[in-house]
Every structure is written in structure tokens, then in C-alpha cells.
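Hi everyone, thanks for coming. Have a look at the structure on the screen, and I'll talk you through a few things in it.

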Amino acid sequence: RQYVQRAAKRRRKEREGSRTNSRESCCIISTKLSQKDIMVVAARSITAAAARRLGASAQIVETKNNAATSVLARAVAAGYCSTFTTSTCDASIIPKNVPFNNRNKMRVVETSTLKSYFSSSTKLKDSSSSEGEMSPPPTSTATRNNIIPTKHSRAQTPPIAPYSSLSKLTTHLLSSTPGTLFSYNQSDLAKDLSLEQERELAIERADVTAQTFEYVLRGHSALLPGSIVDRIPVEKRSDVPDEASKEYQSWVEAREGNEMSAVERVAVMNQLLERMEEEGRVYVELRSRFRSQVATIARRQEVQQGQGEDEWSDSDSDSASSSSDDSSDSDNEETEKDTIGAPPGPTITMYDLVLDALSVASTPTTPSVAKSILRRIVTRHELDGGYGNTNPLTIPTALSYNAVIRACANIPNFDITDESPKNQYVRDAAMDASFTTFDAMLRSDVVNRNSATFDYLIRVTSKFIPHSLTRSNIIFALYDKVLEERVYSEQVRQALIDANMEKDGKEFGKWVQRDVVEKDVLDTEHKHRMNSTKRRYVANDHTY
């Protein structure tokens with residue numbers, strides 16, 4: 001026990017000593033093209049991992065106590081350095097006649113390119129006027145916040161295509177030939193890659209194209225009032241032109257639908273999604289054909305080696321047919337075993353953007369389209385493993401399901417008294433898509449039903465079922481499920497009020513007045529609303 005205590009004490013002292021040494025200031029002399037122009041950098045240390053995250057290509061300096069540190073990263077951490085007039089500076093050995101404060105001899109171990117990563121810089125005194133003292137480092141926290149990244153890129157606003165270049169980008173993507181945006185490389189057959197490596201390689205090849213499609217789809221979504229991109233604050237977006245510019249009026253007119261209606265814009269977004277899906281299918285088809293050719297050649301060589309060339313050429317039709325049957329069976333087995341999962345290219349972000357656009361600009365034909373898109377999302381998720389899927393590009397979200405129900409609830413100009421076959425078809429398609437999606441969320445292994453799910457489903461029931469006891473019974477059952485799922489919210493309460501259940505019977509009217517209208521959401525038990533915010537697609541947005 002004493003030995004362990006002494007060892008722990010020794011390690012604690014070593015950590016404290018190394019921490020003290022790392023905080024000691026050091027300096028490096030770097031010259032820019034001339035020995036006369038001497039610049040001094042003084043800073044505190046920062047970890048090598050932080051230096052790599054900053055992308056710093058820095059000089060490595062070794063002090064007398066052999067503490068190797070990244071000078072550029074330390075300068076970044078301190079937030080100041082000498083001024084850099086060019087993008088690169090050539091480093092040199094410290095002259096002996098240059099004074100510096102700590103008098104430690106320093107040796108440049110490695111020379112590399114120094115880049116200006118500094119938003120503000122402080123010019124230090126030249127060596128000719130230096131007398132052994134350096135200027136104190138600035139302590140502005142604003143400067144440090146501009147240099148050191150403190151927010152993950154996932155939490156920042158995604159890039160949005162500006163209106164000025166949106167039409168050109170859309171035309172370029174839609175007019176491209178299938179298989180030209182990204183393609184399978186035949187050389188992969190000789191690399192002996194595993195299925196997981198092939199899947200990662202396919203995702204990597206499709207990444208740039210996928211980001212381009214997402215970029216363009218966000219640009220179209222930004223021009224649809226009420227979409228998820230349109231609800232992003234203007235100050236956080238880069239696609240909105242300045243109000244004083246000439247492009248601003250064109251952007252406002254495009255957003256109002258003067259150039260292209262909302263339905264037409266949604267149709268263009270759906271075409272972009274289908275174009276990306278086609279690119280993924282071409283990739284999988286090329287891979288399958290290349291692998292099939294290689295397997296056929298390998299089997300032919302095996303037969304030739306076993307039977308001889310004469311026997312192979314003189315084999316009768318029966319053996320040929322049997323071998324072809326066997327080869328087709330083996331091809332099917334290889335197709336089932338060697339699949340790389342969902343075709344690369346389309347991402348869940350693309351599907352969500354299109355589904356959200358469909359829910360904003362809903363038409364009588366929207367429910368069937370939205371249901372078809374959701375089916376493709378679930379199929380891609382199952383191809384990547386279903387419950388064991390670890391690919392975030394194919395995992396469904398709460399938006400993927402709720403947007404389908406929202407699209408059904410937003411169908412305009414529906415007359416419940418119209419008994420024409422066309423109107424009945426719209427009603428049946430909306431009810432089928434809504435409740436099928438509601439059931440799919442119950443069976444989903446990645447998504448839970450939230451307050452938006454019940455909000456839109458109550459509105460669908462109120463819209464497409466005429467006033468009757470059956471209608472109120474369905475709504476009351478949904479309310480009971482809301483309490484069971486613990487997602488009661490103000491949106492669900494408002495949907496219950498808008499249902500006008502008083503017309504369905506006195507009992508339902510009294511219940512709504514007592515437990516919904518006269519009772520605020522905060523007055524209900526906390527256990528009935530504890531998941532209302534937790535299960536949202538975006539924590540501060542109740543839309544999905």
C-alpha cells in the first residue's frame with residue numbers, strides 16, 4: 001500500500017510539473033525573406049489534437065526541457081502573433097544576438113509553412129529596437145472566440161443555394177447523364193475489399209454529389225413559405241440577398257410564387273430526388289455486372305482446368321443448360337450475400353426536404369406521393385440493417401413520418417359533403433396514408449410518436465370524417481394515446497378545440513369544455529406532457 005501511495009504521489013507531482021512547464025511562455029524567431037525583418041511569436045501551449053483540428057501546419061520547437069509543442073497552435077490559443085503580410089513565412093534558426101525574455105536556447109526541429117490563421121494580430125517590436133521585453137498578449141475573449149471553434153458544424157446553419165444560381169444548378173443536375181455524377185470503379189474488384197469497406201467507399205464517392213443535391217434542394221425549400229428552411233432566421237442564412245441590392249426584389253417575387261408556383265417547385269424537388277436515386281441504382285448495377293463477369297470468367301477457368309479445353313468446347317447442350325442453371329442460382333446467391341446495402345447517393349436529408357415541401361404545398365394527389373417516398377425511406381433503412389443500421393444517411397427521422405400525416409391534413413378545399421367518386425378517392429387516400437404512417441411509427445425501431453403526430457392525425461380525422469359519434473370516439477381514443485405516450489402539448493390541445501366535438505354529442509362537448517378548453521396545458525399532470533419536447537425533430541420547433 002505504501003508503494004502504491006508513493007507511486008501515485010510521484011505521478012501527481014510529474015503531472016503538476018508537466019502542466020507548469022507547458023504553461024511557460026516560449027518564443028520563436030521567424031524571418032520573412034530577410035534576416036532583418038524579424039518577427040517574434042509568444043504564446044501558451046495547446047494540445048496537439050486541437051492543433052490538428054485547426055488544420056495547423058506549424059513549426060515544432062524543442063526547448064531546453066525537451067517539451068515539444070506546436071508554436072502555431074499555441075499562438076492561436078493565445079490569440080495573437082506578429083503580423084503576417086503574406087500567406088507563408090519562411091522560418092530560420094534563432095540568431096544568437098536576439099534577446100528574448102526567458103533566455104532559453106531554442107532549436108528549430110522542423111521547418112514547414114506557416115499560415116495566417118489569426119483574425120487579429122499584434123505587431124511586435126523589431127529586433128533592432130528590442131531590449132529583451134515582448135509586448136503583453138491581448139486578453140480579449142472576442143478574439144479568442146473568433147479563432148478557436150467552439151460549435152460543432154452540425155449545429156450550424158447548413159449551406160443554402162442562393163436564388164441567383166438555383167436555376168442553373170438545377171438544370172445541370174437534371175440534364176446530367178446517369179452514371180456520370182459518381183460511378184463504380186472496376187479496379188475495386190482487384191482490391192479484395194470487404195462488404196463494409198465497399199459500402200464506405202460507395203458513400204465516400206457519392207458524398208460530394210449528395211451534398212450538391214442537398215444544397216440545391218435547400219435552395220428550393222427556402223422559397224417555399226412555411227418550410228423547414230424558410231423558418232430558419234434570416235440573420236443565420238446566407239442565401240437571402242441584401243435588401244438594398246437588385247436581387248432582393250427578384251428573391252421576394254420568387255418566394256411569393258410569381259416565377260414558379262409552390263406545386264411546380266415541389267415537382268422539381270421530387271425530380272431531383274428521383275435523379276439522385278437513379279444515380280445510385282446505376283452504381284449498384286455497374287457493380288453487379290462487373291462482379292458477375294468476373295465470377296463467370298472464374299467458373300469457366302475452373303471448368304477448363306478440370307475437364308480440358310476439348311471437353312469444354314465439345315460439351316453437349318444438356319450440360320451447358322445445367323451449368324447455366326447452376327450459374328444463375330449461384331448468381332442469385334451472390335446477389336443476396338454480396339449486397340452493399342442501400343444504393344449510395346440519396347440521403348435522409350433529401351427525403352425529408354421533399355416530404356416537408358409536399359406537406360407545405362399539398363394537393364389531392366400528395367398523400368399517395370408522400371406515402372411512396374416514405375416506403376422508399378423505410379426500404380433503404382432495412383437494406384442497411386434495420387434495427388442494426390449504423391448509417392445516419394439512411395435512418396428515418398420524426399420528420400419523415402410526420403410530414404406524411406401533415407401533408408394529408410393540409411389538403412386544401414376539401415368538401416366533406418361532396419360525395420363524388422373523385423372526392424371520396426381523395427378522402428380514402430388521405431386516411432389510408434395517415435393511419436398507415438401512424439402504425440408504421442408504432443412499429444419503427446428508430447422513431448417514436450410525438451405531439452406533432454397526434455396533432456396532425458386529429459386534424460386529419462376532423463377533416464375527412466363527418467360529424468358523428470364515430471368521429472368523436474376516434475379523436476377521444478387518440479387523446480387517450482396522447483396521455484399514454486406522454487406528449488400532450490398546446491398544439492394537441494388546439495387541435496382538439498378545432499375539432500368542434502360539441503356537434504358530435506353533448507357528452508363529448510362537456511368533456512372538451514371541462515378537460516381541454518377550461519384546462520391549460522400546464523394545469524395537466526406533468527407525466528402526461530414530459531415527452532412533448534424531448535421527442536421533437538427540432539427541440540425549439542413543434543412542427544415535427
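Before that, some housekeeping. This is a predicted model, so to speak of local features we need pLDDT of at least 70, and side-chain atom pairs count only at pLDDT 80 or more, while totals for chains, interfaces and linings use all residues. Residues are numbered from 1 along each chain as its sequence is written, and side-chain values use heavy atoms, with hydrogens and water left out.

Okay, the overview. The protein has 18 helices and 5 strands; these are DSSP runs numbered from the N terminus, helices being H or I with at least four residues and strands E with at least two. Of its 544 residues, 40% are buried. Buried means under 20% relative accessible area, exposed means over 50%, and partly exposed is in between, using a 1.4 Å probe and protein chains only. Now contacts, meaning heavy atoms within 4.5 Å: among those with a separation of 6 or more, 78% are between residues 24 or more positions apart.

Next, salt bridges. We call it a salt bridge when a side-chain nitrogen of Lys or Arg is within 4 Å of a carboxyl oxygen of Asp or Glu. How many salt bridges does the structure hold? There are 24.

Let's pick out some of them. Asp 356 pairs with Arg 406, with the closest N and O atoms 3.5 Å apart. That pair links distant parts of the chain: Asp 356 sits in helix H11 (residues 348-360) and Arg 406 in helix H13 (residues 398-409), 50 residues apart. Both Asp 356 and Arg 406 are buried.

Asp 239 and Arg 237 form another salt bridge, at 3.0 Å between the closest N and O atoms, and both of them are buried too.

Last stop, helix H17, residues 490-498. Which of its residues are buried? They are Gln 491, Val 492, Arg 493, Ala 495 and Leu 496. The cover over them includes helices H15 (451-464), H16 (469-485) and H18 (506-517). Just after H17, Asn 500 takes a positive phi of about 50°.
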